[in-house]
Amino acid sequence: MGHFLFNFILFIFLWASPLAHSRTTPYTTPKTTLLNVATSIQKTYQVLNFKQQQHKSSFSPSSSLASASLSMQLHSRASLHKPSHADYKSLTLARLARDSARVNSIVTQLDPNFNVEKLSGPIISGTSQGSGEYFSRIGIGEPPSQAYMVLDTGSDISWVQCAPCADCYHQADPIFEPASSASYAPLTCEAAQCKWLDQSQCHNGNCLYEVSYGDGSYTVGDFVTETVTIGATSVRNIAIGCGHNNEGLFVGAAGLLGLGGGPLSFPAQLNSTSFSYCLVDRDSDLVSTIEFDSPFSRDAVTAPLRRNPELSTFYYVGLTGISVGGELLPIPETSFEVDPTGSGGIIVDSGTAVTRLQSNVYNLVRDAFKRGTKDLPATNDVSLFDTCYDLSSKTSVEVPTVAFHFGEGKGLVLPAKNYLVPVDSVGTFCFAFAPTMSSLSIIGNIQQQGTRVSFDLGRSIVGFSPNSC
Ligand SMILES: *[C@@H]1O[C@H](CO)[C@@H](O)[C@H](O)[C@H]1NC(C)=O
């Protein structure tokens, strides 16, 4: 009844308000969106058969957008690291297991007592193939050694595996050799960069770092400065970890590039006032870019970029609502706000795959989606996903549109393939959102695919430009 009244008032408002004609108000979001089932299924076969790319010289010249901007190529994991899975279902299960480990490591940074997400079912082989779905290649040292780095907006410290290894996991490129770099310089314990570390130690006056990712992964070693080369540009004195003891799920990459909001992050050390990335479809071998100090696209949907006083790393976004099928859901706005103790809020994360929402919010979104898909044949749950369909007899389907809203009539309409995803190659598709027991919500990379996500650090704005990889 309350719902009816709400709609009725909305109707009056729409009828009366000239604003209602703005394309971006939630009230005029299209009701349905087309999902090309056949194309999605075709990609599930392709991803298992990519030829491993040889990126001998994968540097793109500095972007012409602005003289000061730095640009580097960005690759999906699948395009670099051939998945050794028999089928797409097993690849999906491995990805989801990694994703739960990722979410646990994010959430426990703010709430050590968090009851971690556990997936039911057997241990999935292939999980150990490594975390991080997107990689970039950079040069480290002088002369530069090439290294694939996992891009991570959920952490600040960049590091590479370093010789001599007490314990290094397998990587594609040779291990970085400090002795062959003229620019390698250990940081002393008195250096400002050393003092910014959460976990540091002193050994003979030199700074040692340690990062643990909460899922059992960690890296330990010397904290040093090095020259980092991006495209044709070399930047000196970037503080990075030279990891001699590295354990975990980073297989394939030489290390990690920390893109978080803290003072040690890569953008902060470049003195960048902005950066942006565009995540290609994770089942594609297309190449996109990550750019520093390039201008905002004019068609970007913008939202306030917020910070958590308790933790500078994460990029929180001023989400105000979610609509499904063109209708804004009755979600309390406080569901997405950071409270004074640092709990709650919603972050944009490059490393989490599936968007996590507080259970009550998730239930509203899921139920609305189900109401709009009553005519689609439902099927069993798959891992994290509780809303799945058997679309094996379809080539395309109309599904309710899902959109994020940021107030002032601004909305980001998601393409259907960013929320109804194949979990196998025989036509099972699932609604790719999941509930979390944490108060922290996360906008994941499945929902960001194909969208350029820009962080204007100076003006505190997040921008989303659809279809701009
Ligand atoms: C960033 O700014 C600091 C302080 O002004 C300066 O010392 C440093 O060289 C700058 N780094 C780069 C990469 O421009």
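Q: A cavity is a set of points on a 1 Å grid over the protein atoms alone, where a 1.4 Å probe fits but cannot get out. How many cavities of 30 Å³ or more come from this rule?
A: This is a predicted model: local features need pLDDT of at least 70, side-chain atom pairs count only at pLDDT 80 or more, and totals for chains, interfaces and linings use all residues. Residues are numbered from 1 along each chain as its sequence is written, and side-chain values use heavy atoms, without hydrogens or water. Grid points are joined across faces, edges and corners, and a volume is the space filled by probe spheres set on the points. The count is 3.

Q: How many residues lining the second largest cavity are nonpolar?
A: Lining residues have an atom within 4 Å of a point. Here they include Phe 404, Leu 412 and Gln 447. Ala, Val, Leu, Ile, Met, Phe, Trp, Tyr, Cys and Pro count as nonpolar, Asp, Glu, Lys and Arg as charged, and the others, Gly among them, as polar. The lining has 3 polar residues and no charged ones, and its nonpolar residues number 5.

Q: Is Thr 428 buried or exposed?
A: Thr 428 sits in strand β26, residues 428-431 (a DSSP run of E, at least two residues). Buried means under 20% relative accessible area, exposed over 50%, partly exposed in between (1.4 Å probe, protein chains only). Thr 428 has 14% relative accessibility, so it counts as buried.

Definitions and conventions:
Helices (H or I, at least four residues) and strands (E, at least two) are DSSP runs, numbered from the N terminus. On a 1 Å grid over the protein atoms alone, a cavity is a set of points where a 1.4 Å probe fits but cannot get out, and a pocket is an open set with protein on both sides within 12 Å along at least five of seven lines; lining residues have an atom within 4 Å of a point.
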